[in-house]
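Q: Could you show me how to read the contacts in a protein model, one feature at a time?

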Amino acid sequence: MIKVIGTLLTAVTLLVGCGEKAADTTASSKDVIKPIDINMSLVFTQNELLTQELIKATDKIRERTDGGINIKVYPGGQLPVYKDNLEQVVNGADWIAVEDLSYLGDYVPDFAALAGPMLYNSYDEYLAMMDTPLVADLTAQVEAKGIKILNADYMFGFRHMITNKEIKSAADMAGMRIRVPGSQLFISTLTAMGAAPASLPFPETYAGVQQGVVDGLEGSILTMYSTKMYEVAKNMSLTKHFLGTVGLYISPTLWDKFTPEQQQIVNEEFAAGAASNTKELVKLDAEYTQKLEELGVKFNEVDSAEFSKLTADVYNQFPEWSSDIRSKIGAELEKIRAAE
């Protein structure tokens, strides 16, 4: 009996010892995981919806990873943006770039076509497009070039014509000087729609419209309201010629430094942020439309079929794009619309 008791005590001692050793090992393994500090660069200003949603998402990531993934958001172009932003990612910096899909076209040209004119009728169509095999293939191609897409579901609204003249057809736009960003895709699109595109820094646009340097600009409902453009332009023609979207991009090398748990948290929070952004965007579109109407802005529908036909040739003006990319995108959109 004494021998049995002694054996039991020995077993218990060994088990307790093993438990203590396992606990020590776990603690030491956590100690070696160093926090990763990451810069997130974007051109959007501090108070814009998209910036606020990204700040909330990165705060949640920091909280859920116990500070292990520390993403600091730099809005308003404080750090490199546009092409320079993507170059930071490709060079493997501790960096997340927030940019339009068209900038991926410098690495995989067909990606830029997904930001082309007159494609999407609704936010849901764009979100569904991001889940297609076509986009999955392009995503794999761009990752091989050093850019991992964390999320491409962030939107900031359809772009319309903001002028003092009602526009319903291409004839109404003939010769109108419309301010556009310095992008060939924008210039080609507005030219096809009948306008005379004018590249002008956005901070100069308000005065440009006021003084007649340009006849108007193109932009979203949120842009018209937040920049007070309604003070100098009283008409918005709902062309929906572009949908404003951005993706979040990171270096695969940096991504591989995250633990699987950290990767899951980052994916979950950026997905939640995108969903919240879309929900708020829909609400603000309606809210700002009402406020703009109260401020004297008139909204009007346009001949979308005519503008779609006129801008179709834009997809042939970029020789680096696949010759059938527009038809491939169209085929995916047909499936999406048929399933609605």
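A: Gladly! Let's begin with a charged pair: K283 and E280 form a salt bridge, and their closest N and O atoms are 3.3 Å apart. A salt bridge here is a side-chain nitrogen of Lys or Arg within 4 Å of a carboxyl oxygen of Asp or Glu. Keep in mind that this is a predicted model, where local features need pLDDT of at least 70 and side-chain atom pairs count only at pLDDT 80 or more, while totals for chains, interfaces and linings use all residues. Residues are numbered from 1 along each chain as its sequence is written, and side-chain values use heavy atoms, with hydrogens and water left out.

Q: How are K283 and E280 placed along helix α12?

A: Helices (H or I, at least four residues) and strands (E, at least two) are DSSP runs, numbered from the N terminus. K283 and E280 are three residues apart in helix α12, so about one helical turn separates them.

Q: Which residue forms a salt bridge with E287?

A: That partner is K291, and the closest N and O atoms are 3.2 Å apart. E287 and K291 are four residues apart in helix α12, again about one helical turn. E287 is partly exposed at 32% relative accessibility, and K291 is partly exposed with a relative accessible area of 30%.

Q: How many salt bridges does the count come to?

A: The count comes to 10 salt bridges. One of them joins E269 to R64, with the closest N and O atoms 2.8 Å apart. E269 lies in helix α12 (residues 260-294) and R64 in helix α2 (residues 49-64), so this pair ties together parts that are 205 residues apart in sequence. E269 is buried, with a relative accessible area of 12%, whereas R64 is partly exposed at 35%. A network of salt bridges links R64, E268 and E269.

Q: What do the buried residues of α2 pack against?

A: Buried residues of α2 include L49, L54 and I61. For packing we look for contact, meaning heavy atoms within 4.5 Å. The buried residues of α2 pack against β1 (36-41), β2 (69-74), β3 (95-99), β4, β8 and α12.

Q: Which strands does β4 pair with?

A: Two strands pair if DSSP finds at least two bridges between them. β4 and strand β8 (residues 235-250) pair in the antiparallel sense over 11 bridges, and G157 stands opposite G244 in β8. β4 also pairs with strand β7 (residues 216-219), in the antiparallel sense over four bridges. There, the bridge partner of M161 is E218 in β7. Of the 16 residues of β4, 14 are buried, so β4 is largely enclosed by the rest of the structure.

Q: How many aromatic pairs does a search of the whole structure find?

A: Rings of Phe, Tyr and Trp (its six-membered ring) pair if their centres lie within 6.5 Å; planes under 30 degrees apart count as stacked, over 60 as edge-to-face and the rest as tilted. The search finds 10 aromatic pairs. In one of them, the rings of Y123 and F158 have centres 5.4 Å apart and planes at 10°, so the pair is stacked. Y123 lies in helix α5 (residues 123-129) and F158 in strand β4 (residues 148-163), so the pair ties together parts that are 35 residues apart in sequence. Y123 and F158 are both buried.

Q: Which residue lies over the face of F158?

A: A charge sits over a ring if NZ of Lys or CZ of Arg is within 6 Å of the ring centre and within 35 degrees of the ring normal. K240 lies over the face of F158, at 4.9 Å from the ring centre.

Note on methods: Buried means under 20% relative accessible area, exposed over 50%, partly exposed in between (1.4 Å probe, protein chains only).
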